[in-house]
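Let's take a walk through this structure together. Have a look at the fold below before reading on.

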Amino acid sequence: MLSLSSWLHMRIPFSYFLMPVFLFSLSVSPNNSMYATVFWTFIIIHLLLYPASNGYNSYFDKDEKSIGGLKNPPPVNKGLYSLALLFDALAIGLGWLMISFTFAVMLFVYGLVSKAYSHPAIRLKKYPIGGWLVAGIFQGFFTFIMCYVGINKFSLETAWQWPVLIPAALSTLMLWGNYPMTQIYQHDEDGRRGDKTLSLLLGIRGTFYFVGAVFGVVTLGFVIYFNAFFSNRQAIAFLIALSPVVLYFLYWFAQAYRDETKADYQHTMWLNFISATCLNAFFLYLTLSTLKFIA
């Protein structure tokens, strides 16, 4: 039976935090004025695929403390498992019907990897390096290519070109930098379950140092990319958009350095919100600046 708790665990609003990859892919898409495919690609990924992944992971994690997008998670039940699989099936079916078979296959592959992350038979989450690598590659590079294929109704081969592969790789670097921060407040619960996440391996301070270093490399990569494929104007705009994220990160690090209990759910969600909002705004600006209007 489907209950309110099952719908809460789908965490549909959490898709907002994952939207930058879609908007980044949209900004480099030659057919970004094909509004029907843009619409369906967005709906399928953000309102069906991502929630399906959230629900499936919640069912097997059975978290009792805060998780991303849900401060007080209710107990899970069998209805959540069924709802997650239903959303998966709807995503794949609509992807095939409204976009293409290739897009549907990519949705299916994403779903399989997402399930492997939390299913007890594989549970990639318990491997600090492997889980981090896989999550970054599939939520970054793979999702960027999947969005590109969906938005443009292209074949996978068409997406295999440097102007697409480079921003896809940058998306993975961005996710690799962000991912340990999403785990920083879950050390106790992850440890009890035997999930040795990268953040747990690094420790509180180590996570901040690691994320700061990765984001330094990521920022440099984005600046070089925008200067090479767009202009210095876009590179400067990116740095301006990122500045609130950097300021909040440093403010939070200063607090957590003195008191590790500050590495909590509330601060993590604020960093996620600020980061997603700034990046969404920037990539939307980038999309609008490249939009090809139909005469």
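How many aromatic pairs does the structure hold? There are 45 aromatic pairs in it. Here, rings of Phe, Tyr and Trp (its six-membered ring) pair if their centres lie within 6.5 Å; planes under 30 degrees apart count as stacked, over 60 as edge-to-face and the rest as tilted.

Before we go further, a word on the ground rules. This is a predicted model, where local features need pLDDT of at least 70 and side-chain atom pairs count only at pLDDT 80 or more, while totals for chains, interfaces and linings use all residues. Residues are numbered from 1 along each chain as its sequence is written, and side-chain values use heavy atoms, with hydrogens and water left out.

Back to the rings. Tyr-185 and Tyr-265 make an edge-to-face pair, 5.5 Å centre to centre with 80° between the planes. This pair ties together distant parts of the chain, 80 residues apart: Tyr-185 is in the loop between H8 and helix H9 (187–193), and Tyr-265 is in helix H13. (Helices, H or I, at least four residues, and strands, E, at least two, are DSSP runs, numbered from the N terminus.) Both Tyr-185 and Tyr-265 are buried, where buried means under 20% relative accessible area, exposed over 50% and partly exposed in between, with a 1.4 Å probe and protein chains only.

Trp-270 and Phe-273 form another edge-to-face pair, at 6.0 Å centre to centre and 85° between the planes. These two both sit in helix H13, three residues apart, about one turn of the helix. Trp-270 is partly exposed because its relative accessible area is 45%, and Phe-273 is partly exposed at 38%.

Stay with helix H13, which is also where you'll find Phe-283. With a relative accessible area of 0%, Phe-283 is buried. It belongs to one aromatic cluster whose members include Phe-24, Phe-222, Phe-226 and Phe-238. The C-alpha atoms of Phe-283 and Phe-238 are separated by 8.8 Å, though the two are 45 residues apart along the chain. Leaving out residues up to four places away in sequence, Phe-283 touches Pro-20, Leu-23, Phe-24, Ser-27, Phe-222 and Phe-226; contact means heavy atoms within 4.5 Å.

So how does H13 (residues 265–290) pack with helix H8 (residues 162–183), and at what angle? The angle is about 155°, and the axes are 10 Å apart. Because of that angle, H8 is roughly antiparallel to H13. (Axes are lines fitted to C-alpha atoms, for helices over the stretch in contact, and angles run from 0 to 180 degrees between N-to-C directions; under 35 degrees counts as roughly parallel, over 145 as roughly antiparallel, 65 to 115 as roughly perpendicular and the rest as oblique.) H8 brings Met-174, Asn-178, Met-181 and Thr-182 to the contact, and H13 brings Thr-268, Leu-271, Asn-272 and Leu-279.

Ser-118 is buried, at 1% relative accessibility. Its contacts beyond four places in sequence are Tyr-56, Asn-57, Phe-60, Asp-61 and Arg-123.

That last partner is worth a stop. Most residues other than glycine have a negative phi. Arg-123, however, has a positive phi of about 45° although it is not a glycine. Arg-123 is in the loop between H5 and helix H6 (128–152), and it is buried at 9% relative accessibility. Lys-153 is another non-glycine residue with a positive phi, about 55°. You'll find Lys-153 in the loop between H6 and helix H7 (156–159), partly exposed at 45%.
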